[in-house]
Structure formats: C-alpha cells, structure tokens
Amino acid sequence: MIEVIGLTKRYGGKTAVDDLSFTVRPGHVTGFLGPNGAGKTTTLRVILGLDAPTSGAATVGGVPFRSHSRGLHHVGALLDAQQVHGGRSAAAHLSALARSNGIGRRRVGEVLAEVGLTDAAHRRVGGFSLGMKQRLGIAAALLGDPPVLMFDEPINGMDPEGVRWVRHLFRRLAAQGRTVFLSSHLMTEMEHTADHLVVIGQGRLIAAEPLRTFADRGTRQQVTVRTPQAAAFTAALTAAGAAVDAAPDHLAVRGLSAERVGALAFANAVELHELTTRTTSLEEAFMEITAGHADHLAGSR
Amino acid sequence: MTTSLHPAPPVPARTRAAAPRARFTDLVAAEWIKLWSLRSTPWTLGLATLFVLGAAALAAKADYDNFPFYEPETQRDHMFSLSDAFPQEGYLTLMIVAVSLGALSVVSEYGSGLIRTTTAAVPARGATVLAKAVVTAGVWTATGIVIAFGSFAVSQAILAGRDAAVSLSDPVSIRAVAASALLAPVCALIGLCLGVLIRHAATTMVTGIFLLLMLPTMFSSDKRWSAELSNLMPGVAWNRLTTGWMPPPRPDYFPATITESWLVLAAWPLLLLIPALLTIRRRDV
C-alpha cells in the first residue's frame, strides 16, 4: 500500500506537486495519469525517497521508504529505463543491484527469464532498444520480489507484443496481492491495464477512483442525429430541454436519450437518417476532466 | 528476442521470505561488480601502470647514458637515483588518472541517471558512498603498490649497470615507495568525494585536476604563509616523502616535516569524505 498525504514539492519557485493526497491499494493495478508536467514523476520520486517533500509525506507499507536501509524487498521501481550504464551487460547491471540487497545470483537468471532477456543477458546495455531497456528495468524491479511495484511510463518504446506481455504481467502481479502503480500520460493505455486511477493535473489531484467510475463521470452521453430538417428539429429538441451542437452534417444532442429523440422526431414528422448513442471514450473523459490542468496546452499562448 | 507469456505459479504476497539482513560487505561486493564489469577499468589500470614504469625507465636510462659525463662527486652521491624511480611526469599522470577514475565511479552514475536506481535499491546513501570508497581505495592501493615497487625496481635495475642504484632496504627508499603507493588511492578518493559534491562529470574532473596539479604551482616557496599552504597539497607532500636529500636549513626555506607530509596525504580523503557524506544525505537525487 502506498499513501501520499498532503504532499507538496517545490523546486525553487516552481510548485511541481501541490497538497496531493491519495492511497494506492494492494491487489489492483492502479494507473497514475496526468498530462506531461503534471507532477507524476516528482510524486514517484518522493515516494521512493529520492526527493524530499517540501511538506506532507509519502509512505509505503506505513513507513517512509527512506527508513529502509535496503529497498528492493520493499518496493520495485522503474523510473526511467534509460538510466543504466551502457557499458555494462544486463546480467552485470542486475548482479550488482541484487548483490547490494543480499539477493543471490540465481534470482538474476530468474528475472532475466521472466522478462525474456535471457539470450541478451551478456550483451552490453548500450546496444539495447528502448523496449529491451524497459524489460531490463522491469527485471530490476522484480529482483527483490517486492509487495509494491511502481513503473513510470513502462510501455514507452515497446512493440505490440511487448505491450501485451507487460499488461499481462502487471495484472498477474496485482492478482498475487501486490500493489502495482503505473504512471502514464496515455489514457488509452490504462483502459486495458488498470482497475483504479489516480489522475492529477498541475500537481493537484483531479480524481482517485475506480476506472469505470472515472469513465462514467466524464461521459456526457451524446446522441448523434442526421436529418435533412436540421433547423426545425433543433428547435424541437431545444424546446424539449436538450443542448444541441449543430455540425455541418449532423446534430450532437446532449441531455436527452436516444428514445426521447426518436419519439420527438416521430411526433414532429422529422425524417431521420441516423440516430446513434455515443458513449464518450475514456480518452475523451480524461481530456474533458483534465482540460485546464495541462501545463503546456497547445496554442495556449 | 522471445518472451514467455505463460503465467508463473502465483506467489501469495503474505508468505514471501523475509528480507535478508543488510550487510555492508554486500554493498562493497556490488560496487566491485560495477567497477569490474566495465571494460575500461582493467585497460585504464594497466595502461597507467605501464606509463609510470615506462617514465621511470626513461628517467633512469637518461642518467645511465649521461653518467660518464657527471662530476665525480655526483657519480659518488648519485642523488638522482631515487628521483628516477619516481619521475614527476609519470606520477603526475597517475594522479590525473586516479582522480578521474575515482570521480567517475560517482559521476558516471549521476550522468546516466543510474544513481536513482542505485538509491532506490539502497536508500542508505551514505553506505553506498562508503562502499564505493572502500572499493576505490582497495583497487588503487593495490595498483599503487604494483606501480611504486615496479617503477623503483625498473629504474634501479637500469642504474645498477652504473653501480648507482639505491637499495630498497634504505629507510628513505621504503618511505618513498610507500608514499608513491599511497598517492594513487589518495587522489582517487579525492576524486570520488569531489564527484559526490559536484556530481557533474566535466566540472568534477577540472576541479580535481586543478586542485591536485595546478594549485600547487601557484604558491611561492620563499613566503612563509604561501609555502605552508603549498605544503598542504598532496602532490607536494608526496614530493617531500620521495626526496632523500634536503638542502641545509635557510631562513627563507620552509619545507614540511616528514610527519606533516604523511598527515597531509591521510587528511585529504578523510576530511573530504565528511562533507560528501553530509550532502548526499540531504540532497535530492
């Protein structure tokens, strides 16, 4: 379990994380979402004790992570797959990490097999693709068989097969009762992996809830109508209490169900070419809810 | 690259083995693996050794060739024998290599970002720095011993041909070999501590080389305060310890004592470790 309580982190004058509180529970894959620059990596670094909070606290399993003298048995973390020494082999990199925590060499072979890098174990990491480095980082996180795992943008650079493998791995780790916390700026990624979401923007909490709840919250159900009598029907829909956006070839209707829109068309003798209910995708829900929280909105200046 | 998709047998989270006890020796072993898993390490140590031995051989060869033209008094005293064993060009280069490699053990981790992985694996940051210091000191002391004995042996073997070699049983020879063996680990530890304090690779190297090689040349030997500051430099202390012959006392000459020179060599790494250990605890990684 990860607990973040009233966490604020300022670098100089810039506030990266602002009074952030949330809990990540074991047994689930929890997605940590936010636009670029929202403060996700900063939060993960504070949880890992790499950066000291300006105020507030973060605990793992009830204690600050820095209170452990060795970390791999408590939290496995992958912050940035590029943060390896290119001159070492994958096996040497993992052996040094394992040894620092009193973990035997056999475990190095096990995690290399787990991530599918056995054949590349003795190649220098500098020649690895980003996807292979992500696998190496995941192997390092698994070394200590920890109850809590954190990954920052783990999908970056992976091929489709790798993405499928990693989703499967995350779900399996959560099913074993572990706490799995993944950050991403891509909502679509979470749709297939996470059960719970923590969403932040500009360092502040936007939502912390099950993925389904979040998706529904963002969903303003919308009915798409195509009709040759757009102007007349718009008036009828508005009179019935709907909000109507007129697009060149269709009307986007909110506030009325498809049944009510159909009944209104029938009652007003309006000819319909299309009547569709659109459920907003998770991506749209995310965009809608985080709008105004993005640090660098395109065309904002 | 192939990947297994078959699920491993589920491991209940509650019944996992307890974490093994945190031992400092494991950290030392981890740093040892890190150092020797880089191809550059044996190359650098090997080439530095060959360079210093070569410099000593050349210095001895020059005196061997010129020996017939020396004054009888110079031939009898052969004061040049000990300085041929520990030539400036060889040992100043060794200082540069040692300070750089010592610094690299830290700054390469900051440069690549590996330091974050290291720190997440071992939140006890001071222990990691101490483990790096133990490995650095050990490897460079071993290398320093090989180099010091080697350059002494090579140079004296050549000078023996003119019957101008000094014996290792001479107390001054022993002192000079010991000081020369310690010069490399002292410089490597200075580099390591500067690396922790500065973190940036190029800045650390420039600072280390300036401190060890350039700064000592800026003092004058005939002003007391300046000479005494100069005596605090590791290179100057090493020079004093490898010199057998001292000019008679003069009012405008302020050499360090032998004891002071040993203390200077010991104090640099030990005193720099304190701010290094204090800052690494406090600073964000």
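In this predicted model, the buried residues of helix α9 of chain B are Thr204(B), Met205(B), Gly208(B) and Leu212(B). Viewed down the axis of α9(B), these buried residues fall within an arc of 95 degrees, so they line one face of the helix.

Turning to chain A, three strands form an open sheet in the order β2-β1-β4, with antiparallel pairing. Strands β2 (14-24) and β4 (55-60) of chain A stand at the edges; each has a single partner strand, so one side of each is left without a neighbour in the sheet. On average, neighbouring strands of this sheet are turned by 20 degrees against each other, direction ignored. Strand β1 (residues 2-11) of chain A is joined to β2(A) by seven bridges, and Glu3(A) has Thr23(A) as its bridge partner in β2(A). Helix α1 (residues 40-47) of chain A lies across β1, β2 and β4 of chain A, at about 115 degrees to β1(A).

The two chains also meet: 47 residues from chain A and 39 residues from chain B take part in the contact. On the chain B side, α1 (24-36), α5 (88-112) and α6 (114-121) each supply at least two residues. That side has 22 nonpolar, nine polar and eight charged residues.

Key. Residues are numbered from 1 along each chain as its sequence is written. Chains are lettered from A and ligands numbered from 1 in the order in which they are written. This is a predicted model: local features need pLDDT of at least 70, side-chain atom pairs count only at pLDDT 80 or more; totals for chains, interfaces and linings use all residues. Two residues are in contact if their C-beta atoms, placed from the backbone, lie within 7 Å. Helices (H or I, at least four residues) and strands (E, at least two) are DSSP runs, numbered from the N terminus. Ala, Val, Leu, Ile, Met, Phe, Trp, Tyr, Cys and Pro count as nonpolar, Asp, Glu, Lys and Arg as charged, and the others, Gly among them, as polar. Two strands pair if DSSP finds at least two bridges between them. Axes are lines fitted to C-alpha atoms, for helices over the stretch in contact, and angles run from 0 to 180 degrees between N-to-C directions. A residue is buried if 20 or more other C-beta atoms lie within 10 Å of its own, exposed if 12 or fewer, and partly exposed in between; C-beta atoms are placed from the backbone. The arc is that of the directions from the helix axis to the C-beta atoms.
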